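Work through the following exercises with the sequence and the coordinates side by side, and try each task before reading its solution.

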Amino acid sequence: MSFEWVVSIVSDNWPMFLRGAGITLLISIIGTIIGSVIGLLAGVIRTIPLPERAAKRILLKVVNIILSVYIEFFRGTPMIVQAMVIYYGSMLAFNIDMNALVAAVFIVSINTGAYMAEIVRGGVISIEKGQFEAAQAIGMNHIQTMLHVVLPQVIRNILPATGNQFIINIKDTSVLNVISVSELFFQTKSIAGNNFRYFESFFVACVLYFVMTYTVTLILRYFERKLDGPENYSMIGQPAQVTLTNTKES
C-alpha cells in the first residue's frame, strides 16, 4: 500500500467519501429508530397474556402468528435479498416506483424491527414475575404495568443490544449498493473504479466505518453510565448514623 496514494485519494475524493458516510449514517440512524419502535411494539404485544374472552384470545393468537412470521422471515433471510425483493418486487408486483433512499430506510427499519422484537421480548421475560404480580395487586392493567414498571427496566437492559444493532446497521448498509443507494461502499466502489487503486480506496472506507462504529460505541457507553447512576450514593431518607463515644469517669 502506498501512503502517498491514500493521501491523494482522500484529497481528491473526500466529498464523495463524506457524502457516502453521511448517507450511511442517515439510513442507519433512521432505520434503527424506526426499527426499535417496531420491535418495542411487537415485543410488548408478544408478551401480552392470553385474555379469557374467546374473541380477544383468537385475535391475539392471530396477531402473534403474523408477528412470528414477520420476525422469522426477516431474521432468516439476508438483507441483500430483502433489498432486491422489496425494491424491484414492489415495482413488478404492485407498480410502486420506490425511491432508492426511501427503500433503503424501509428495508433497514423492518429488518431491525424483527431483531429488536426478540430483544425486547427477551428483556420483558427477564423481569421477575413478582413485579408483574405486585403491579396487578395494586390495580394496574397490562399496559400500565408495561409503561410504569417493566419498560423502564427493559430499555436499560436492552441498551447494549440496541447499540450493537445500530453498529450492525452501519456496516450492513453496504449491501444496499445493489439497489444503487449511494452509501459509503457504493461511493468507494465508484472511486476505486476511477483510479484502479482498490486497496487504498477501500482502506479509507474501512477507516471511516471504524470511526463511525467506534464513535457510536463511545456514545452508547456514556449513556449506559448515565443510566446506571453514580457508584457512590446515599439512600433518600436513610437514618443518620450515630457515633457513640466512651467517656471515662473522672
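Helices (H or I, at least four residues) and strands (E, at least two) are taken as DSSP runs and numbered from the N terminus. The model is predicted, so local features need pLDDT of at least 70 and side-chain atom pairs count only at pLDDT 80 or more, while totals for chains, interfaces and linings use all residues. Residues are numbered from 1 along each chain as its sequence is written, and side-chain values use heavy atoms, with hydrogens and water left out.

**Exercise 1.** Locate arginine 121 and glutamate 118, and state how their side chains meet.

*Solution.* Begin with helix H4 (residues 100-126), where both residues lie three residues apart, about one turn of the helix. Finally, Arg46 joins Glu118 and Arg121 in a network of salt bridges.

**Exercise 2.** Classify arginine 197 and glutamate 200 as buried, partly exposed or exposed.

*Solution.* Buried means under 20% relative accessible area, exposed over 50%, and partly exposed in between (1.4 Å probe, protein chains only). Arginine 197, at 26%, is therefore partly exposed, whereas glutamate 200, at 5%, is buried. The two side chains meet in a salt bridge of 2.9 Å, N to O.

**Exercise 3.** Explain why arginine 75 and glutamate 72 are separated by about one helical turn.

*Solution.* The two residues are three residues apart in helix H2 (residues 54-75), which means a separation of about one helical turn.

Methods
A salt bridge is a side-chain nitrogen of Lys or Arg within 4 Å of a carboxyl oxygen of Asp or Glu.
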